[in-house]
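Subject: Structure handover and notes

Dear colleague,

Here is the structure I promised to pass on to you.

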Amino acid sequence: VFQESDVPGLVLVLDEQEQCQVVSLADDLARSVRPAVNHDFIRDIPAAAQELPVRVRKALLLMRQREDPAFAHICGVRVDDDAIGPTPAHWHDTDADERTMREQVVLMLFGSMLGELFGWESQQEGSIIHNVLPISQYENTQINFASKEPIWWHTEDAFHDFRPDYVGLFCLRNPVSAATTVSCVSEWDLRDPKFGVLFEDRFFQVPDNSHGSCQEAAVSPRPVLLGDRRRPYVCIDPYFLKRPDDPKIAEVLDDFCETVSRSLREVVLGPGEALFVDNYLAVHGRQPFHASYDGKDRWLKRALISRDLRRCWPVRTKASRQVLVGAVSC
Ligand SMILES: O=C(O)CCC(=O)C(=O)O
Ligand SMILES: [Fe+2]
């Protein structure tokens, strides 16, 4: 059924009929939500998603139920480049949000097959759908608004106990073919017993820049690998991980990072393509690219998805069950 590749990911190319089905479903919903996505609307999405093409539902449900594939690349939704208008200069642009309602709805529909969408209070003002676009002020910063600086591969929100189970990206435009990078746990040779130390609670992961500058926030030690030794889950953002004091442990960590980097692949998202990454079974990042700040730059929408928001009750905000306390500001 699917165009299976020889990698631990799945590629699904929608046919003509499926494309129309997705777009008309999204358009109907988008019309009812203008001008802004609100939480009542998001709660209606899972029921509407039952009307997605069966191949899309099967692919994403497979990813959720079997925990394999570790990522899904879904291609074929048409994006009208004129209708979405210029790439905004900042993530906070309500006009741009309105122009891209259809695309946001597609991302929500697809994402809801994997779980519940949520936002962080400390990130893009609690938005459920994020903008990923270059902002000149962050050109050289380790954040998804960067362009000259690569985004080192990472687990999304690795510092947080209630990090997303999946990260969903939907590409609006990518004129310079900047690549998203992905590497999957199943590709890493971790048989060497030395990697056992990575399962121990000894690593200090601080919040990344997207949650504001809280580098000094108190964090408790945690493992980099968890679960079954033969098929572990991963949780690491090396750029924001404190270097272990013990040189032997630091060396194991370096070897681990090298192992991950060796199997890093590039996925170039084109307009209308979505990528869902299992945030426990794969890491992702992005290659650097040239930003022009001319309204035509690369522009993605992003969603964070939890398999179960109920377990996130300790960090629920008053505002909504779907907005969680991220990094505590300092
Ligand atoms: O821009 C991309 O392709 C991915 C960036 C990223 O890591 C993110 O937004 O979480
Ligand atoms: Fe990321």
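Asp157 sits in the loop between E6 and strand E7 (166-173), and in this predicted model Asp157 has a positive phi of about 50 degrees although it is not a glycine. Most residues other than glycine have a negative phi. Is Asp157 buried or exposed? Because its relative accessibility is 1%, under the 20% limit, Asp157 counts as buried.

A positive phi also turns up at Glu125, where the angle is near 50 degrees, again in a residue other than glycine. Glu125 belongs to the loop that runs between strand E4 (116-120) and strand E5 (129-132). With a relative accessibility of 60%, over the 50% limit, Glu125 is therefore classed as exposed.

One further backbone point concerns the peptide bond that joins Asp68 and Pro69, which is cis, with omega at about 10 degrees. Most peptide bonds, in general, are trans. Pro69 is located in the loop between helix H3 (54-66) and strand E3 (71-75).

Ligand site

Which side chains place an N or O atom 2.8 Å or 2.7 Å from an oxygen atom of ligand 1? For Arg286 the distance between a side-chain N or O atom and a ligand oxygen is 2.8 Å, and for Arg302 the corresponding distance is 2.7 Å. A polar side-chain atom of Glu156, in turn, lies 2.9 Å from an oxygen atom of ligand 1. Taken alone, ligand 1 exposes 290 Å², and the protein buries 99% of that area. The space that ligand 1 takes up is also the largest cavity.

Around the site

Ala146 is placed in the loop between E5 and E6, and, because its relative accessibility is 0%, under the 20% limit, Ala146 counts as buried. The C-alpha atoms of Ala146 and Arg286 are separated by 9.7 Å, although these two residues are 140 residues apart along the chain.

Lys301 has a relative accessible area of 1%, under the 20% limit, so Lys301 is buried. What does the side chain of Lys301 contact? It makes a polar contact with the side chain of Asn131, at 2.7 Å.

Trp313 lies in the loop between E14 and strand E15 (323-324), and since its relative accessibility is 60%, over the 50% limit, Trp313 counts as exposed.

Elsewhere in the chain

Helix H5 (residues 101-111) is mostly covered, as ten of its eleven residues are buried. Among the buried residues of H5 are Met101, Val105, Val106, Leu107, Met108, Leu109 and Phe110, and they also include Glu103 and Gln104.

Val234 is in strand E10 (residues 233-234), and, because its relative accessible area is 0%, under the 20% limit, Val234 is buried. Val234 and His39 stand 195 residues apart in sequence and 30 Å apart in space, C-alpha to C-alpha.

Ser24, finally, has its place in helix H1 (residues 16-33). Its relative accessible area is 41%, which falls between the 20% and 50% limits, so Ser24 is partly exposed. Ser24 and Phe71 are separated by 47 residues in sequence and by 26 Å in space, taken from C-alpha to C-alpha.

With best wishes

Terms used: Residues are numbered from 1 along each chain as its sequence is written. Chains are lettered from A and ligands numbered from 1 in the order in which they are written. This is a predicted model: local features need pLDDT of at least 70, side-chain atom pairs count only at pLDDT 80 or more; totals for chains, interfaces and linings use all residues. Side-chain values use heavy atoms; hydrogens and water are left out. A polar contact is a pair of N or O atoms within 3.5 Å; within protein, one must be able to donate a hydrogen and the other to accept it, and residues adjacent in sequence count only if both atoms are side-chain atoms. Accessible areas come from the Shrake-Rupley method with a 1.4 Å probe; for residues, only the protein chains shown count as cover. On a 1 Å grid over the protein atoms alone, a cavity is a set of points where a 1.4 Å probe fits but cannot get out, and a pocket is an open set with protein on both sides within 12 Å along at least five of seven lines; lining residues have an atom within 4 Å of a point. A molecule sits in a cavity or pocket if more than half of its atoms lie within 2 Å of its grid points. Buried means under 20% relative accessible area, exposed over 50%, partly exposed in between (1.4 Å probe, protein chains only). Helices (H or I, at least four residues) and strands (E, at least two) are DSSP runs, numbered from the N terminus.
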